[in-house]
Amino acid sequence: MSNCGQFRELTEAYALGVLDAEERTAFEAHLATGCKDCAQAVEEARWLVNQLAYLAPNAAPSDMLKARLMQSVRAEARAAQGSVEPKASIPFWMWAGVAALLVLTVYSAWDARRLQKEIQTVNQRAAAEFKQREQLQQELAAAKRQAHILTDANSRKFAMWPHDTQMPKLEAMWHPELGICVMGEKVPMPASNHALQLWLIPKAPGSKPTPSLTFWPDAEGKLVLMVENPPDVMADTKALAITEEPTGGSAQPTSTLMWVGGIS
Amino acid sequence: MFLAVLTPKDSGEVSPDAMLVHQLLQRDVDAFEQLYDRHSRIVYALVLRIVQQASTAEEVVQDVFLQLWRNARRYDARRGPFVPWLMAVARNRALDHLRLKSERQRRREDQSEELPPVFDSPQFEKALDEKRRAERVRAVMSSLNPQQKKAIELAYFEGLSHTEIAETLKEPLGTIKSWIRNGLLRLKEGLRATT
């Protein structure tokens, strides 16, 4: 207490924080002795110093500051709450919703696959029908062409005589624009891996036969051959001939002429 | 125990601020918002006066209130009222910022993370509202010699020491010490007379 008077004069300056280091250290050493009077004086001085804050001109922080601050505080409160409290259980209706969604998803996947298969089947059927239709159209066109060749006055008709008298005679019609049609009955089937091949024999002396299509009679021996674009013109052709050649045909006849028909 | 923590010394009443601070211990966000709404203006005004820049002031005020949210237990209502403690926290923060900014690490360097003690109000202090209190403080301080007022403001708002103020104002050290002490005593008498 004997030193209190000396320190009491420093009370306000200490509370204000203006004491230099040496004075402050000495003052705090005195407070550390437990001097209650000085401690109370310091408290009062701190309150007094604090009143100086009201000298500051009035001002208000922006709303943004409060928003930022509240956002931080709420986040920290949620984090603290989340670490202490167990997570809220998922309500029944939500489970029911999840289950319904799952069933719907499985059904949708199954239905999609079913529809995909149906679409695939329909596509295949459509492709087959389209192909069949094309074939029928081709056959129809061929039949029309054939009928035209057989009936048109511009067509030249001639017989193709067999080399073997046991073989049937064939009939041929050549239309200068529509092509050649060769027909016959009871035509024997060529040997295995062989086919019949049509040849055009040119008028020019020393010319080699011009190869045309290879073909087969049907199972009953009926033969209908259509050559839409003959390799040579009628005026330059002396005769038609047929030989038996390996499947795929030959560049020149490799066997005896089985049928020959001269174009008169 | 609960009442003991909340009840200010020599008073049977529990202040609203003490109650709100106690709620902060329960992580009550609404209580925090109420405290902010009640005191953010005066805290901001003080900090702005010290740091002199609005964006920096908001940064410091944010620090102050976050510190309050995170360290509410550091305020002991039995030892004194809340507002003076909060203002002391804000002033310290703002001055720390000022010193760090100017790289003048001086005598309070080692106290930057500390919170000031809670201190009681004098017996004569009654509950003046903020507006009347501000008017009274300004009136008393306006009655001082301008240099004397300047010395106190340099100490409070800029954190200068006796010696630094003497150098700044180019006055003898003894004069500065005398101006500051006498000025504060006049303020004390002025406030006592008001109440």
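Predicted model: local features only at pLDDT ≥ 70, side-chain atom pairs only at ≥ 80, totals over all residues.
**Exercise 1: the fold**

Work out how many helices and strands chain B has, and what share of its residues count as buried.

*Solution.* Start with the elements: chain B has nine helices and zero strands. Reading from the N terminus, that gives α-α-α-α-α-α-α-α-α. Next, burial: 37% of the 195 residues of chain B count as buried. Finally, look at the contacts within chain B between residues at least 6 apart in sequence: 67% of them join residues at least 24 apart.

**Exercise 2: the side facing chain A**

Find out which helix of chain B supplies the largest share of the side that touches chain A, and how that side divides by residue type.

*Solution.* First get the counts: 48 residues of chain B are in contact with 38 residues of chain A. Then see which helices take part. At least two residues each come from α3 (29-51), α4 (54-70), α5 (82-102), α6 (130-142), α7 (146-158), α8 (162-169) and α9 (173-194) of chain B. The largest share belongs to α3(B), with 12 residues. Sort the side of chain B that touches chain A by type, and you get 28 nonpolar, seven polar and 13 charged residues.

**Exercise 3: α3 against α4**

Decide whether α3(B) and α4(B) are oblique or roughly antiparallel to each other.

*Solution.* Two packed helices are described by the angle between their axes and the distance between the axes. For α3(B) and α4(B), the angle is about 140 degrees and the axes are 9 Å apart. Roughly antiparallel needs an angle over 145 degrees, so this pair counts as oblique. As for handedness, α3(B) and α4(B) cross in a right-handed way. Now pick out the residues that meet: α3(B) brings, among them, Phe32(B), Tyr36(B) and Val47(B), while α4(B) brings residues including Val60(B), Phe65(B) and Trp69(B). The residues of this contact divide into 14 nonpolar, two polar and no charged.

Conventions
Residues numbered from 1 in each chain as written. Chains lettered and ligands numbered in written order. Contact = placed C-beta atoms within 7 Å. Helix = DSSP H or I, 4+ residues; strand = E, 2+ residues; numbered from the N terminus. Nonpolar A, V, L, I, M, F, W, Y, C, P; charged D, E, K, R; others polar. Buried ≥ 20, exposed ≤ 12 C-beta atoms within 10 Å, placed from the backbone. Axes fitted to C-alpha atoms, helices over the stretch in contact; angles between N-to-C directions. Parallel < 35°, antiparallel > 145°, perpendicular 65-115°, else oblique. Left-handed = near helix turned anticlockwise from the far one by under 90°.
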